[in-house]
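Please work through the exercises below with the sequence and the coordinates open beside you. Each task is followed by a solution that goes step by step.

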Amino acid sequence: MLNRITDALDFQAQALTLRSERQRLIASNIANADTPGYQARDMDFARTLQAATGSLGGAQSVATTHAGHIGSAGAGLSGGRVGAELLYATAGQTNLDRNTVDMDRERASFADNAIKYEATLRFINSSVRTQLSAITGQ
Amino acid sequence: MTMLSIFNVSGSAASAQSQRLNVVASNLANADTVAGPDGSAYKARQVTFQTQLMGATGNDPMAAGVRVSTVAEDQTPGRRVHDPKHPSADAEGYVTYSNVNAIEEMVNMISASRSYQNNLEVMNTAKTLLQKTIQLGQS
């Protein structure tokens with residue numbers, strides 16, 4: 001019963017951590033826009049989130065009907081951070097110094113990620129409020 | 001808090017860009033200097049950036065900052081102007097000026113200032129997000 005309450009929050013918390021990791025990754029790309037030879041990195045967010053939560057979502061875990069069953073608790077965060085698989089971005093326009101940072105793309109991803117981070121925060125806030133009003137019953 | 005190291009990453013980049021701007025300023029300031037007491041004119045300087053891994057462990061590939069690895073001198077020969085009346089003229093009457101290319105330096109300056117602004121904006125966004133995270137669960 002209690003894990004029903006925390007599962008939804010857990011999923012959003014994982015998503016929030018991943019969003020902040022991605023935000024830092026894009027910040028690194030923007031910081032290295034002028035570094036010769038730097039290869040821009042990014043992560044496949046959907047796949048990393050699936051790997052971190054161990055399923056498509058915290059609420060859709062495998063049902064355990066027998067005492068010997070092992071539920072899909074999810075890989076979880078190891079030591080506070082997600083073992084995200086980093087991918088390399090290919091250059092839209094080749095550069096003489098082998099730098100593959102596309103500033104337009106990075107700025108767009110940065111803004112996109114910031115908005116989605118805020119959305120995740122809002123999801124957590126509203127789910128806490130919902131549970132609070134259920135608890136107080138008013 | 002992974003978001004907090006954004007300030008380290010973007011801060012290192014802003015510091016590297018400001019060093020680049022500094023070098024551009026000294027190049028432009030010395031654009032018209034002639035050969036000094038050592039007989040050689042001012043040489044234009046160029047900074048080179050290098051990736052520096054950061055994060056809590058110091059080797060996190062997800063937090064890549066920037067540092068200035070070298071400040072190299074441009075070795076192309078300086079501009080020579082025939083002016084026998086100049087006090088610094090050599091035996092043939094030529095004065096050697098610095099090898100600074102003002103157009104290149106102006107382009108470099110604009111590029112550095114744009115990159116600096118980009119990093120500041122990243123830090124501003126990170127600050128806003130962190131403030132909203134602190135207010136999580138309130139109101």
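The exercises move from the fold of one chain to its contacts with the other.

The model is predicted, so that local features need pLDDT of at least 70 and side-chain atom pairs count only at pLDDT 80 or more, while totals for chains, interfaces and linings use all residues. Residues are numbered from 1 along each chain as its sequence is written, chains are lettered from A and ligands numbered from 1 in the order in which they are written, and side-chain values use heavy atoms, with hydrogens and water left out.

**Exercise 1. Describe the secondary structure of chain A and the extent of its burial**.

Step one is to list the elements: chain A has three helices and two strands, where helices are DSSP runs of H or I with at least four residues, strands are E runs of at least two, and both are numbered from the N terminus. Read along the sequence, these elements of chain A give the pattern α-β-α-β-α.

Step two concerns burial: of the 138 residues in chain A, 38% are buried, which means under 20% relative accessible area, whereas exposed is over 50% and partly exposed lies in between (1.4 Å probe, protein chains only).

Step three turns to contacts, meaning heavy atoms within 4.5 Å: among those in chain A between residues at least 6 apart in sequence, 77% join residues at least 24 apart.

**Exercise 2. Is Arg98(A) buried or exposed****, and where does Arg98(A) lie****?**

First, Arg98(A) is placed in the loop between β2 (86-88) and α3 of chain A. Second, its relative accessibility is 60%, and Arg98(A) therefore counts as exposed. Third, the backbone of Arg98(A) shows a positive phi of about 60°, although the residue is not a glycine.

**Exercise 3. Determine how α1(A) packs against two helices of chain B**.

Two packed helices are described by the angle between their axes and the distance between the axes. Axes here are lines fitted to C-alpha atoms, for helices over the stretch in contact, with angles from 0 to 180 degrees between N-to-C directions.

By class, the contact of α1(A) with α2(B) has five nonpolar, four polar and no charged residues.

For the second pair, the axes of α1(A) and helix α1 (residues 5-29) of chain B come within 9 Å and cross at roughly 5°, and α1(A) and α1(B) are therefore roughly parallel (under 35 degrees).

**Exercise 4. Which residues does Ala27(A) touch, not counting residues up to four places away in sequence****?**

Begin with the setting: Ala27(A) lies in helix α1 of chain A, and since its relative accessibility is 0%, Ala27(A) counts as buried. The residues touched by Ala27(A) are then Phe110(A), Ile6(B), Val9(B), Ser10(B) and Val122(B).

Methods:
Nonpolar A, V, L, I, M, F, W, Y, C, P; charged D, E, K, R; others polar. Parallel < 35°, antiparallel > 145°, perpendicular 65-115°, else oblique.
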